[in-house]
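Subject: Structure for you to look at

Hi,

Here is the structure I promised to pass on. Please open it first, then read my notes below.

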Amino acid sequence: MVMALVIGLFIFVIYKKTLTGVMYSNGFALTLVGLALVTTLVIMAVTSNVVLSLGMVGALSIVRFRAAIKDPVEIVFLFWALTVGIVLGAGMIPLAVIGSVIIGIVLLLFANRKIHRNPYILVLKYDKEDTEKTIWDILDTSVEQYVIKSKTVIPGQIETTVELRATEDSMAFVNRISQAPGGQDVTLVSYNGDYMS
């Protein structure tokens, strides 16, 4: 149980250090520690008594997890905490320690490394078709890549949504687009969507 607490706290620290989103969930982080402890306790009980193990299987079969997973990486942390509990409960302490150190190093090395530039959504509202050519010329010279996601035309207004990749220090193109003749509104939003291929 002491090793489960130590490794659970290690998982907790790695989760805090590798979090890439904005919303840190203290409840989820504490759950990782508790999950390692509870799983260790359950496995220790199951391995000591066959009758108890059958009852435990029946009791655990009715458990439902309804917590929403915000980031797919959180699944890795959940399985990591569960696996540590199972391995420690089975008495394989060196395997749990060595495995956790390797997993922690891999997550630290790769979690904060950016392979792609940040994706952005650019929402444009303008009233002249000539403005479109000016916008595309600005985007061609200012951003690495862009894809038109939607275009809505209503009388007196055109609204276009563009997914693009740009560096945070090159956002001046938004100001140039907003000054284009016929432009009404320009909004740039960062998001965590699917990456463009």
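Start with Thr39. At 10% relative accessibility, Thr39 counts as buried (buried means under 20% relative accessible area, exposed over 50%, and partly exposed in between, using a 1.4 Å probe and protein chains only). Thr39 lies in helix H2. Setting aside neighbours within four places in sequence, Thr39 is in contact with Leu82, Gly85 and Ile86. Contact here means heavy atoms within 4.5 Å.

A word on the source. This is a predicted model, in which local features need pLDDT of at least 70 and side-chain atom pairs count only at pLDDT 80 or more, while totals for chains, interfaces and linings use all residues. Residues are numbered from 1 along each chain as its sequence is written, and side-chain values use heavy atoms, with hydrogens and water left out.

Now the whole chain. The secondary structure comes to 7 helices and 4 strands. Helices (H or I, at least four residues) and strands (E, at least two) are DSSP runs, numbered from the N terminus. Along the sequence, the pattern is α-α-α-α-α-β-α-β-β-α-β. The protein chain has 197 residues, and 31% of them count as buried. Take the contacts in the chain with a separation of 6 or more: residues 24 or more positions apart account for 72% of these. The chain exposes about 12,400 Å², and carbon and sulfur atoms supply 65% of that. Accessible areas come from the Shrake-Rupley method with a 1.4 Å probe; for residues, only the protein chains shown count as cover.

Next, the helix pairs. Axes are lines fitted to C-alpha atoms, for helices over the stretch in contact, and angles run from 0 to 180 degrees between N-to-C directions.

H1 and H2: Helix H1 covers residues 2-18 and helix H2 residues 26-48. Their axes come within 9 Å and cross at roughly 155 degrees. H1 and H2 are therefore roughly antiparallel to each other (angles under 35 degrees count as roughly parallel, over 145 as roughly antiparallel, 65 to 115 as roughly perpendicular and the rest as oblique). By class, their contact has 13 nonpolar, 3 polar and no charged residues. Ala, Val, Leu, Ile, Met, Phe, Trp, Tyr, Cys and Pro count as nonpolar, Asp, Glu, Lys and Arg as charged, and the others, Gly among them, as polar.

H1 and H4: Helix H4 spans residues 73-89. H1 and H4 pack at about 170 degrees, with axes 10 Å apart. That makes H1 roughly antiparallel to H4. Among the residues of H1 that meet H4 are Met3, Ile7 and Phe10. On the H4 side, they include Phe77, Trp80 and Leu88. This contact has 12 nonpolar, 1 polar and 1 charged residues.

H4 and H5: Helix H5 runs over residues 93-111. The axes of H4 and H5 come within 8 Å and cross at roughly 165 degrees. That makes H4 roughly antiparallel to H5. The residues of this contact divide into 11 nonpolar, 2 polar and no charged.

One last residue. Is Thr141 buried or exposed? At 66% relative accessibility, Thr141 counts as exposed. Thr141 sits in helix H6, residues 129-142. Thr141 and Phe173 are 32 residues apart along the chain, and their C-alpha atoms are separated by 9.0 Å.

Best wishes
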